[in-house]
Amino acid sequence: YLSCRGEVRKSIELWRSAVAKYPGNFECLCNLAYCLFGAKSSSDFSDDQETADIYINETIEICERILRDCTESCWRDGARQMLVMIHGNPHYGHLDEKKACAYAGEAPSIYCSADMLLMHAYPMNNEKYYVHQHRNSLTFIDCLTQNIICGDYKNEDDRSTCEALRPMRGP
């Protein structure tokens, strides 16, 4: 992806042209929304936050369209993820806890995620089962580590426990 290389503007142009050519293609729409969403945090737009804010509004419109018109879970999940982040974080200028919670509440539980279900799609003695189990374990460890490193704990017991675990992250 161009945006992963810091070329967010080029990536937006590319996906805009794809959407123009294939207006009903939700993959193109979702990828455009991700690029527009990423502009707010991109160094490409550090001197142009007004445009980045316009892009966030466009992201909201695209994501709401995807949720309204698309039936494919993968694109709906991506749209829902962006809407939760936009409405759940003041950085994006659309803080609305009620909306963020409503969108998040539409997502399946972690136990119904593809990651968990794929593990159970194979017999326990199958190599693919162990691959998915291992990948899930690493994902959960990563999630827990991020919570420890980035957590803002109000409870003194929680705070002291996390402070004790922080050396595990390394230098």
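Helices are DSSP runs of H or I with at least four residues, numbered from the N terminus. The model described here is predicted, so to speak of its local features a pLDDT of at least 70 is needed, side-chain atom pairs count only at pLDDT 80 or more, and totals for linings use all residues. Residues are numbered from 1 along each chain as its sequence is written, and side-chain values use heavy atoms, with hydrogens and water left out.

**The largest pocket**

A pocket is an open set of points, on a 1 Å grid over the protein atoms alone, where a 1.4 Å probe fits, with protein on both sides within 12 Å along at least five of seven lines, and its lining residues have an atom within 4 Å of a point. The largest pocket holds about 370 Å³ of space, and its lining includes Asp77, Ser113, Arg135 and Phe140. H7 gives the largest share of that lining, four residues.

| Helix with at least two lining residues | Range |
|---|---|
| H6 | residues 114–120 |
| H7 | residues 127–150 |

Ser113, in the loop between helix H5 (97–106) and H6, is buried (under 20% relative accessible area, 1.4 Å probe, protein chains only), with a value of 18%. The side chain of Ser113 reaches the backbone oxygen of Ile110 at 2.9 Å, and Ile110 also belongs to the pocket lining.

**The nonpolar core**

A nonpolar core joins buried Ala, Val, Leu, Ile, Met, Phe, Trp, Tyr and Cys residues through side-chain atoms within 4.5 Å. The largest has 32 residues, and Ile66 is among those with the most contacts inside it. H2 gives the most to this core, with 10 residues.

How values were computed. Points joined across faces, edges and corners; volume = space filled by probe spheres on them. Buried < 20%, exposed > 50% of the residue type's maximum accessible area, 1.4 Å probe, protein only. Polar contact = N/O pair within 3.5 Å; in protein donor to acceptor, adjacent residues only side chain to side chain.
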